Amino acid sequence: MKSVTIIGGGVAGLEAAARLTRMGQAVTVIEKSDQLGGRLNQWHALFPFRTPAGPLLSKLRNNVAEGMNMIVNANITGVEYNDDGFAIRINNNRMITANSVLLTTGFDIFDAEKKEEYGYGIYENVITSVELEQMFHSGKPILTAQGNIPSRIGFIHCVGSRDEKAGNLHCSKVCCVTAVKQAIEIKELIPSAEIFLYYMDLRMFGRHFEELYKEAQFKHGIQFIRARLSEAFENPDGTLQIRIEDTLLAKPLKMNLDMMVLMVGIQPQRKTGNLIDMLGLERDADGFLMQEDPYGSPFKTKIRGLYCAGGITGPKTIEETLIEARAVAAEINNYLKHKETYTGHEHFVMEL
Amino acid sequence: MIGFGYKIQADRQIDYDSNNRRILEFVRDGEPSIDWCMSCGTCASACTAAMTADYSLRRLIIQARRGMENEIRESVYRCRFCGKCFNACPRGVNTRNIVYLMQLAATKITNHEI
Amino acid sequence: MKQEGKRRLWQEYQKEIATDKFFYVRSCVRQNFFPAAEQTFLRILRDLGKTVYENPGHTTCTGIGYHSDVVPLHTTMTVVARQFALMTEAGYENLAVSCITSFGLYTEIMDTWHHFPEIENKTREYLRKATGREFTLPKNLAHASDILYKLRHDIAARAPYRLINQATGEPLRVVEHIGCHYSKMFPHKGVGGAEYPYVLVGLVEALGGEIIDYPERRHCCGFGFRQYVVRANRGYSLSCSKKKFDSMEPYRPDCILTNCPGCPYFLDRWQYVVSEMEGRTYGVNGHGIPVLTYEELAGLALGYDPWDIGLQTHQVSIEPLMLKMGVPFDPSKKYLGKNGEYIGRPSKPNVLKIDMDALNTEHRILITEY
């Protein structure tokens, strides 16, 4: 029986694990934190229809019940490999071997403190979209730091994305639709609030997203201002004064908000000890893992038997991550079946 | 007063909180589709009046949302109601009604009716 | 406001500041409009036992000409190279710069030379041809406010007067205004970065004052050189300062502290112009909000005589602040020079109160009722 080790127990890792097990492979999943599910743990409701994230998370976790090895709280301290397979050292005291490895270590979220002028960590009523989502999940009423019901809430797009000063030139893709979704959610919780979204572009790329935008405007009265925040300031009562240029009028504008939500972007994992650098894999210009052959095989790396999927190759939605997980499972399954005669150049042949 | 030879310049920053949005509220009451507008500017690019006058419905709707009454009243009467914008709008906004209501609101403000 | 967030930021923007053996280069504007300020800086440093040397042959850095499009960049670079040459010849490595624009200029030029060494070589050639001098780059480039920041605890330890309102015991409320050329161009060359500079905050905190924050804190005062040289354009600069005054007034500042020479000049004089144009003064007592530079504030705290520091040359009178701080001064000596001779006094403004107007009998009420 051949074995696969999946590094990263998030959405991609769990779905690929389930599929590979069903295909008859022996799977081990290694997860750095103390729980499975990755970023899905931080979502309350998924766009565009606000599908509750909980059931999907449970399903992914439960799928991995039979015949699978799960290791949590695992810190990978070394990886060695040859043509036959891989040896992975965990926590400096345990060794796992595998014929093939799948990297699904995902991405990092931009640290909003780096945008000093927005005052995250300094002003009391500035939060990130991740924190807002967790507030929805907690079910507790949304209040300002002073304990009041906010009457005006602003969402700032592109925090840490499309920004040379932040070190990320790329677009994080999912934040625009997330902002619209969260705006609708907060409006339903606080119907009296005025909601403003400050955007450079509105990237409503997916199915049903554009309709969500129109619904936000018409059904919920949410206002969209094409502007980028230059600086925010905290008034003595804790409210925020922001400074923008209303680009469609070409005039500067200032207004007060009770609360400001920063749409923090998705960025590649760069901390020391991350696996991409540890394995000597190449990063693309945007810092995410380089995909040698995005059309033929987006999951292959230059190391034979080492595959990647999910957020490690760039920002994606949960649907897209699941699709990648299923595809890479089939590819790994195929590799393991034809390992001995593998040349690295054959066209992909599906055999299920 | 001393003649300094220069003057304090007017502040052109839009002060959102001090502006009055009564024109927007009046229009929205009569034509809710004003909220569908996404400022794409197709109306302004089709517009007859814009060819020879400083008029832009895209801009007028944003000005209404910001509460910029003086600017609205300066340009809103230039529309000739030809209807090209109504044909062009991708969101199905009833543009002619919006302009009509804006002009009506502007007149009412002049007559101190609202 | 969460102070820990600010402190985390300040940790990111630290810089090396020398503490002794400085070669001092002066400022055109500061010498002319605040004549005793630079002398005060030298006095503070020498009282602390530091060595500060200046060559009387040093010139303007021509930043004011460069920023007004009057002096071409290569000429400016050559003049700056001469300043460095004088420093090298005197055997110094630490440059103490009085003016913020100079500081920005030196930083900008050294950064340019770092990225384009061929320009540095050309400048060396120009300097050699013009004057026969050679130079080395300063090992440490610090603005004079950086140096006072670095020495702030020593200053505070010797300061008999603190930034506390003597009548109420409350810390005085200080607005800090940083010159644009200090950290907006190169945030990492300024203590605290561009968004929350710490260089003046540190000094104020060491002296017991309270820094207040207000929306237009990072707005330029409007100096800029280029436009105000022509009188008809000065409204542009005036409006910039006015925006700041309007924004800071609700926060009831007791004084404004700056580190650039041009900024206090503007923030000080424009209050007078606004009072004439609009009939209003900022602050409550009709005197306006006093504007000080860092040397003047440090000098006041250290107990130097206010008229020796040159505070009589300020348009907005500093008397209300001195009364609050409890600094003793003799109003009758304000317009007497060093040898007791009368140096003349400015004419009375129409609206702005100056000197001890309305302060003599009421100053106790003034200090408590702000």
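Select chain B to begin: its secondary structure comes to six helices and one strand. Helices here are DSSP runs of H or I with at least four residues, strands are runs of E with at least two, and both are numbered from the N terminus. This is a predicted model, in which local features need pLDDT of at least 70, side-chain atom pairs count only at pLDDT 80 or more, and totals for chains, interfaces and linings use all residues. Residues are numbered from 1 along each chain as its sequence is written, while chains are lettered from A and ligands numbered from 1 in the order in which they are written.

**Chain B**

Follow chain B along the sequence and the pattern reads β-α-α-α-α-α-α. The C-alpha trace of chain B spans about 60 × 30 × 25 Å along its principal axes. Of its 114 residues, 32% count as buried (20 or more other C-beta atoms within 10 Å of the residue's own, with C-beta atoms placed from the backbone; 12 or fewer is exposed, and in between is partly exposed).

**Where chain B meets chain C**

Now show chain C as well. The contact takes 12 residues from chain C and eight residues from chain B; two residues are in contact if their C-beta atoms, placed from the backbone, lie within 7 Å. Select helix H12 (234-248) and helix H13 (262-278) of chain C, each of which supplies at least two residues of the side that touches chain B. H12(C) gives the largest share of that side, six residues. By class, the side of chain C that touches chain B has five nonpolar, three polar and four charged residues. In this scheme Ala, Val, Leu, Ile, Met, Phe, Trp, Tyr, Cys and Pro count as nonpolar, Asp, Glu, Lys and Arg as charged, and the others, Gly among them, as polar.

**The two domains of chain C**

Colour residues 16-144 of chain C as domain 1 and 161-368 as domain 2; such bounds come from an automatic or database domain assignment. The centres of these two domains, taken over C-alpha atoms, are separated by 27 Å. Between them, 24 residues of domain 1 of chain C are in contact with 26 residues of domain 2 of chain C. Which helix supplies the largest share of the domain 1 side? H6(C) does, with seven residues.

**Helix H11 of chain C**

Next select residues 199-206 of chain C, which form helix H11. Seven of its eight residues are buried, so H11(C) is largely enclosed by the rest of the structure. Among the buried residues are C:Val199, C:Leu203 and C:Ala206. The buried residues of H11(C) pack against several elements of chain C, including helix H8 (144-150), strand S5 (173-177) and helix H14 (294-301). After H11(C) comes C:Gly208, with a positive phi near 90°.

**Chain A**

Finally, turn to chain A, which is divided into domain 1 (3-107 + 268-341) and domain 2 (112-266). Their C-alpha centres lie 32 Å apart. Here 11 residues of domain 1 of chain A are in contact with 19 residues of domain 2 of chain A. The domain 1 side has six nonpolar, three polar and two charged residues.

Select strand S13 (residues 194-199) and strand S14 (residues 223-226) of chain A, which pair in the parallel sense over four bridges; strands pair if DSSP finds at least two bridges between them. A:Gln223 in S14(A) is the bridge partner of A:Phe196.
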